Amino acid sequence: MTDLPAGEAATDEMSVVARSPIHFGPFLVTPQVFFVTPLSFALVNLKPLLPGHVLVCPIRRTPRLSDLTPAEATNLFLTVRRVSRMVERVYQASSLNVAIQDGVDAGQSVPHVHAHIIPRKKADLDHKGGSDAIYGMMDGEEGDIGRFLAERKLAMERRRAQSEFSAVDNDAREPRSDEEMHKEAETLAAEMEKEMEMEWESSRRVYDE
């Protein structure tokens, strides 16, 4: 029997439940989190560009990819791979956009490294000019995650209500309530449990002599 690689074998250090508060930049996002490792986490999006659009971040809040330690970078991309496989399966996608806006001038709106994972299907953005329209959406107001989170935080502080938003949004995609995001997070957490079980079994077959 050959030992599994360390990154593959550490499933006991992973969780689909956040056991302590988790922040995305200055924003508390614990209810949106559906997968956690010692160094990274995955969360559902307040205003997804397409169904299944999620984010993966390092636990430590730092703005640039180059700020990550080797261990953090390795764990981040391993988590991206795992979450990507899950959302492609769950949302019945045929492809994925995986992107990092590394710094303000690259379109980053929250000063915390995060990878976008966006499930794609054939002709899903034909009404916006084709597949590459996703990049303009990410860089424009539609992809301004920081603004949406700030608006939600302000509304919650004013109203003490989880599902109300103070700002009027001009595009068709309305920000989701905490209840909606928590429900999706629970669903994806269950799917990540299945994904990790499948990965473990697959790894055992590959490395079993």
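Visitor: How many bridges join β3 to strand β4, and which way do the two run?

Guide: Please note that this is a predicted model. Two strands count as paired if at least two bridges are found between them. Here β3 and β4 (residues 40-44) are joined by 3 bridges and run antiparallel. Within β4, alanine 42 is the bridge partner of phenylalanine 35.

Visitor: In what order do the strands form the open sheet?

Guide: The order of the 5 strands is β3-β4-β5-β7-β6, with antiparallel pairing. At the edges are β3 (33-36) and β6, each of which pairs on one side only. On average, neighbouring strands of this sheet are turned by 20° against each other, direction ignored.

Visitor: Which helix packs on the sheet?

Guide: Helix α2 (residues 70-90) does, and α2 touches β3, β4, β5 (54-58), β6 and β7 (115-120). The direction of α2 makes about 165° with that of β5.

Visitor: Is asparagine 97 buried or exposed?

Guide: A residue is called buried when its relative accessible area is under 20%. Asparagine 97 has a relative accessible area of 11% and is therefore buried.

Visitor: With which side chain does the side chain of asparagine 97 make a polar contact?

Guide: The partner is the side chain of tyrosine 135, at 3.3 Å. Leaving aside residues up to four places away in sequence, asparagine 97 touches His116, Ile117, Ile118, Arg120, Ile134 and Tyr135.

Key: Residues are numbered from 1 along each chain as its sequence is written. This is a predicted model: local features need pLDDT of at least 70, side-chain atom pairs count only at pLDDT 80 or more; totals for chains, interfaces and linings use all residues. Side-chain values use heavy atoms; hydrogens and water are left out. Buried means under 20% relative accessible area, exposed over 50%, partly exposed in between (1.4 Å probe, protein chains only). A polar contact is a pair of N or O atoms within 3.5 Å; within protein, one must be able to donate a hydrogen and the other to accept it, and residues adjacent in sequence count only if both atoms are side-chain atoms. Contact means heavy atoms within 4.5 Å. Helices (H or I, at least four residues) and strands (E, at least two) are DSSP runs, numbered from the N terminus. Axes are lines fitted to C-alpha atoms, for helices over the stretch in contact, and angles run from 0 to 180 degrees between N-to-C directions.
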